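Here's a quick tour for anyone meeting this structure for the first time. Have a look at the sequence and the model, then read on.

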Amino acid sequence: MEPNCAYVSMWVLYNQGMVQSYKLSRLKDASQLTEVCWAAFAFREADEWQLGDTYRIPKAKQTVLRRFLNDSQAAVWMGGALSGGRPRSMLVSGKDGLDCYRVYAFPASPMHLILVGVKSSLDVTGQRIWKLAASVENDSPAVLPPATEELGLLQQTVLELQQTQQELQARINAQREAEARLIQAAKLAAVGEMAAGVAHELNNPLTTVVGFTELALEDLPIDSPVRADLDLVLKEARRARSVVRRLLDFSRQAETVRVKADLNEIVDDVLMLTKHLMHTSNVQSEIRLGESLSWVLVDRNQIKQVVINLVNNALYAMPEGGRIVVETAEQQRYSRNWITLTVRDTGVGIPPENLERIFEPFFTTRGDRGGTGLGLSVTYGIVTDHQGMIEVESKTNSGSTFIVWLPLDKVP
Ligand SMILES: Nc1ncnc2c1ncn2[C@@H]1O[C@H](COP(=O)(O)OP(=O)(O)OP(=O)(O)O)[C@@H](O)[C@H]1O
Ligand SMILES: [Mg+2]
């Protein structure tokens, strides 16, 4: 990518008539493009070859090169390149002090050559680059730039390369996302399995505790001194049971029923339930339901739970009030059609160090206020079960956006 851009940028300079002051930078540009050992301008003056601008040749070495220029064999060879108007090259490996394997001579004007020392022969592209660098000699307007069609070809190549690079980058990104999802899925699967076992063991005893406490309370005189204690037992046992239920949901042991459904309807149902809560928490809502959305194959209850979890999290993130936006839409991505659900809030946001952990089971920053840290992991489990994706963007103190992508059709 880079080399070709620089190659073309040399062209731009040329076309804008700006090359005069770029003699040395031309040597640099072309050298970097072709990884040469050194490069130099050489010109003939009074039957002697002189050294002009040089690149990567320290002062001491310049004398070696000067000596080489005026060595009779080299002088004839360079004269040939100049009069023939064609590049030539010469094997010099082993020659004292030149530190390269081959030297190329590219005619730059009726008087000038560009000499290039390389560790291994220049390939065709390398030679074209140097021909180009030589052909923009400033004091020789007679030297024609490479044909327009060559320029066209070059630009075409650059465009193609840019396109390939973009495609490659998109694939790399998709691959990374897929890897991240896999890791997340593996983590959740391990915890899920363990959670399912524990939840199963706890479910029955908790149901017994709740049931018998309720019975005991029914029989207890209204003014009994242990009533408050038993109320507390009941409250906590119910809380524990709800955690267990969510764990069981998380491990997806509950039966799922998939039907074609209108996401807008599901969202409406949930918003009806949370309307009151929004009002009392001083949160303004903006609901933008996409028109005539295609129906999507889902388990309605599970998706309802996804919406509830996201809306609840948004509300908890705005204890002082704020604004919640709930949006549905039909979108395309990865050549597929999706239904998206976006829940955006203007709440406290999620610090970067937490962002990677929010989908982990039991990760919560609201432990003291009854958070179990299961909402998002359940959500994640449900969405991936539907072959969907969930994305989050958040900035501390300015809010968070969760987007759920549910696929409409099978992989093409
Ligand atoms: N919209 C949001 N804004 C800010 N932080 C959020 C938001 N959604 C989730 N979080 C963070 O992610 C954590 C995990 O969320 P999750 O829904 O899994 O659990 P919870 O809300 O803490 O508890 P639970 O949902 O079980 O009641 C939260 O504790 C909170 O720190
Ligand atoms: Mg939650």
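## The big picture

Among contacts in the chain between residues at least 6 apart in sequence, what percentage join residues at least 24 apart? It's 64%, where two residues are in contact if their C-beta atoms, placed from the backbone, lie within 7 Å.

Before going further, some housekeeping. This is a predicted model, so to speak of local features pLDDT must be at least 70, side-chain atom pairs count only at pLDDT 80 or more, and totals for chains, interfaces and linings use all residues. Residues are numbered from 1 along each chain as its sequence is written, while chains are lettered from A and ligands numbered from 1 in the order in which they are written.

The chain has eleven helices and twelve strands; these are DSSP runs numbered from the N terminus, with helices being H or I of at least four residues and strands being E of at least two. Of its 412 residues, 28% count as buried. Buried here means that 20 or more other C-beta atoms lie within 10 Å of a residue's own; with 12 or fewer it is exposed, and in between it is partly exposed, with C-beta atoms placed from the backbone.

One open sheet has five strands in the order 2-1-5-4-3, and the pairing is antiparallel. Two strands pair if DSSP finds at least two bridges between them. Strand 2 (48-55) and strand 3 (88-91) are the edges, each pairing on one side only. On average, neighbouring strands of this sheet are turned by 25° against each other, direction ignored. For angles in general, axes are lines fitted to C-alpha atoms (for helices, over the stretch in contact), and the angles run from 0 to 180 degrees between N-to-C directions.

Strand 3 is joined to strand 4 (residues 102-107) by four bridges, and the two run antiparallel. Met 90 has Val 103 in strand 4 as its bridge partner. Helix 3 (residues 59-69) lies across strand 1 (38-45) and strand 2, at about 145° to strand 2.

Follow strand 12 (residues 399-407) and you'll meet two partners. With strand 11 it pairs in the antiparallel sense over seven bridges; here Ser 394 stands opposite Ser 400, and Ile 390 faces Val 404. The hairpin of strand 11 and strand 12 has three residues between the strands, and Asn 397 takes a positive phi near 70° there. Strand 10 is the other partner, joined to strand 12 by eight bridges and running antiparallel to it, with Val 343 opposite Phe 402.

## Around the ligand

Which residues are closest to ligand 1? They are Ala 317, Thr 364, Gly 371, Gly 375 and Leu 376, out of 23 that surround it (a residue is near a molecule if its C-beta atom, placed from the backbone, lies within 6 Å of it). This shell divides into eight nonpolar, 13 polar and two charged residues. Helix 9 and helix 11 each supply at least two of the shell's residues.

Take a closer look at Ala 317, in the loop between helix 9 and strand 9. Ala 317 counts as buried because it has 21 C-beta neighbours inside 10 Å. Leaving aside neighbours within four places in sequence, Ala 317 is in contact with Asp 345, Gly 347, Val 348 and Ser 400. Ala 317 and Asp 345 sit 28 residues apart in sequence, with 7.7 Å between their C-alpha atoms.

Key:
Nonpolar A, V, L, I, M, F, W, Y, C, P; charged D, E, K, R; others polar.
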